[in-house]
Amino acid sequence: MALPVLSSSAVKFRRVLAQFPQELSLAFAYGSGVFRQAGAPAGHGENNMLDFVFAVDDSVTWHMMNLLKNRSHYSFLKVFGPKQITSVQNYGAGIYYNTLVPCNGRMIKYGVISTDTLIDDLLHWKTLYVAGRLQKPVTVGLVKILTQNENNKLQAALVSNLKSAVTAAFLMLPESFSEEDLYMQIAGLSYIGDFRMVVGEDRSKVQNIVKPNIPHFQKLYSSILQDCPQVVYKHHLGRLEIDKSPGGQFAQLMALPRTLQQRITSLVDPPGKNRDVEEILLQVAHDPDCGFVVHQGISRIVRSSSIVQSAKTILTAGAKKSVTYSMKKLYKMTRGWLRKTS
């Protein structure tokens with residue numbers, strides 16, 4: 001199963017990708033510059049910054065080639081060379097962003113992450129930083145490169161991440177809910193605990209992402225929902241029903257990514273008791289607040305990675321770009337608040 005591609009955007013994104021070293025295992029574009037968001041005026045996305053993520057097998061070599069080709073994209077860290085840049089990349093969520101980069105008449109931001117780090121996040125939700133972005137519709141600009149550089153482990157991890165998102169969302173939803181409810185829950189996973197949702201992001205962000213893009217969410221998730229034995233998917237009605245019995249919830253908890261299971265057990269198990277993970281998850285499955293415990297576990301993952309990644313921005317973007325980027329975020333947050341109160 002491959003992530004869906006928006007063919008109308010393919011040429012535009014390939015032109016951007018042509019500016020960079022081509023040794024990529026995956027690249028995708030995401031955010032308001034790619035997908036229309038609710039409340040945005042017509043054509044507004046054309047003015048928004050385009051956000052990209054590039055997965056590379058060898059970060060040091062890729063940064064070395066990119067420094068030769070696009071040295072001006074980097075902050076003062078460029079003087080320390082590709083090894084030090086990669087060392088900074090490996091902190092936090094394992095991704096290095098160059099932001100506010102002019103490219104083909106648009107401003108872009110691009111993050112570089114190693115393929116192994118990406119796979120680890122997709123499978124285990126170690127930081128849920130890039131995995132969270134891939135739980136929402138994205139434009140994969142590199143279907144061509146994916147076919148040239150077949151990485152079955154990466155493809156399997158992409159699908160596993162989507163299935164994990166559905167499972168976590170099920171645990172936090174009631175027995176019966178709408179498709180829109182499900183996609184709202186999924187789209188919000190990577191924002192749970194993110195301090196930027198308090199300062200720096202439009203608090204209607206999740207709703208703005210989901211409402212205009214339900215067909216794109218359906219492309220991502222409909223086959224997973226149809227194949228899931230624990231859900232009754234009434235596609236024609238846009239409704240779903242799930243098994244909320246302790247047995248059903250236990251099966252879902254056991255299917256969660258490893259890091260989330262660890263965060264849940266640390267919340268529930270008293271220090272020093274060291275019970276078996278399966279025993280603890282069985283206890284959580286019988287807890288009426290099971291969904292809240294899962295929510296808190298996700299919050300612990302997201303909070304730490306979002307804080308470290310934001311702190312890295314000062315190094316990777318430099319002081320001037322960091323201030324400019326933060327001001328743009330605050331402007332978007334204020335605009336969203338004014339739209340909500342008007």
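This is a predicted model: local features need pLDDT of at least 70, side-chain atom pairs count only at pLDDT 80 or more; totals for chains, interfaces and linings use all residues.
Me: What makes up the protein overall, in helices and strands?
Reply: There are 15 helices and eight strands. Of the 342 residues, 54% count as buried. Among contacts between residues at least 6 apart in sequence, 72% join residues at least 24 apart.

Me: Why is K83 called exposed?
Reply: Exposed takes over 50% relative accessible area. K83 has 63% relative accessibility, so it counts as exposed. K83 is found in helix α3, residues 81–89.

Me: What makes the ring pair of F28 and Y30 tilted?
Reply: Two cut-offs matter here: centres have to lie within 6.5 Å for a pair, and planes under 30 degrees apart count as stacked while those over 60 count as edge-to-face. The centres of F28 and Y30 are 5.9 Å apart and the planes stand at 50 degrees, so the pair is tilted.

Me: How many aromatic pairs does that rule give?
Reply: The count comes to twelve aromatic pairs.

Me: Why is the pair of F13 and F52 called edge-to-face?
Reply: Edge-to-face needs planes over 60 degrees apart. The planes of F13 and F52 are at 80 degrees, with ring centres 5.7 Å apart, so this pair is edge-to-face. The pair links distant parts of the chain: F13 sits in helix α1 (residues 7–17) and F52 in strand β2, 39 residues apart. Both F13 and F52 are buried.

Me: What about β3 and β4?
Reply: Those two pair in the antiparallel sense, over seven bridges. V101 stands opposite I108 in β4, and C103 has R106 as its bridge partner there. The hairpin of β3 and β4 has two residues between the strands, and N104 takes a positive phi near 50 degrees in it.

Me: What makes you say that β3 is largely enclosed?
Reply: Eight of the nine residues of β3 are buried, so the rest of the structure largely encloses this strand. β4 is mostly covered, with eight of its nine residues buried.

Me: How do you know that the buried residues of helix α2 share a side?
Reply: In α2 (residues 59–70), the buried residues are S59, W62, H63, N66, L67 and N70. They cover an arc of only 135 degrees around the axis, which means that they lie on the same side of α2. Those buried residues pack against β2 (50–56), α3, β3 (95–103) and β4 (106–114).

Me: Why are β6 and β7 said to stand at the edges of their sheet?
Reply: Three strands form that open sheet, in the order β6-β8-β7, with antiparallel pairing. β6 (176–178) and β7 (231–234) each have a single partner strand, so one side of each is left without a neighbour in the sheet. Neighbouring strands in this sheet are turned by 20 degrees against each other on average, direction ignored.

Me: What makes β7 and β8 a pair?
Reply: At least two bridges are needed, and β7 and β8 (residues 239–242) have four, in the antiparallel sense. V232 stands opposite E241 in β8.

Me: Which helix lies across β6, β7 and β8?
Reply: That's α8, residues 179–188, which runs at about 85 degrees to β6.

Methods
Residues are numbered from 1 along each chain as its sequence is written. Side-chain values use heavy atoms; hydrogens and water are left out. Axes are lines fitted to C-alpha atoms, for helices over the stretch in contact, and angles run from 0 to 180 degrees between N-to-C directions. Contact means heavy atoms within 4.5 Å. Buried means under 20% relative accessible area, exposed over 50%, partly exposed in between (1.4 Å probe, protein chains only). The arc is that of the directions from the helix axis to the C-beta atoms. Rings of Phe, Tyr and Trp (its six-membered ring) pair if their centres lie within 6.5 Å; planes under 30 degrees apart count as stacked, over 60 as edge-to-face and the rest as tilted.
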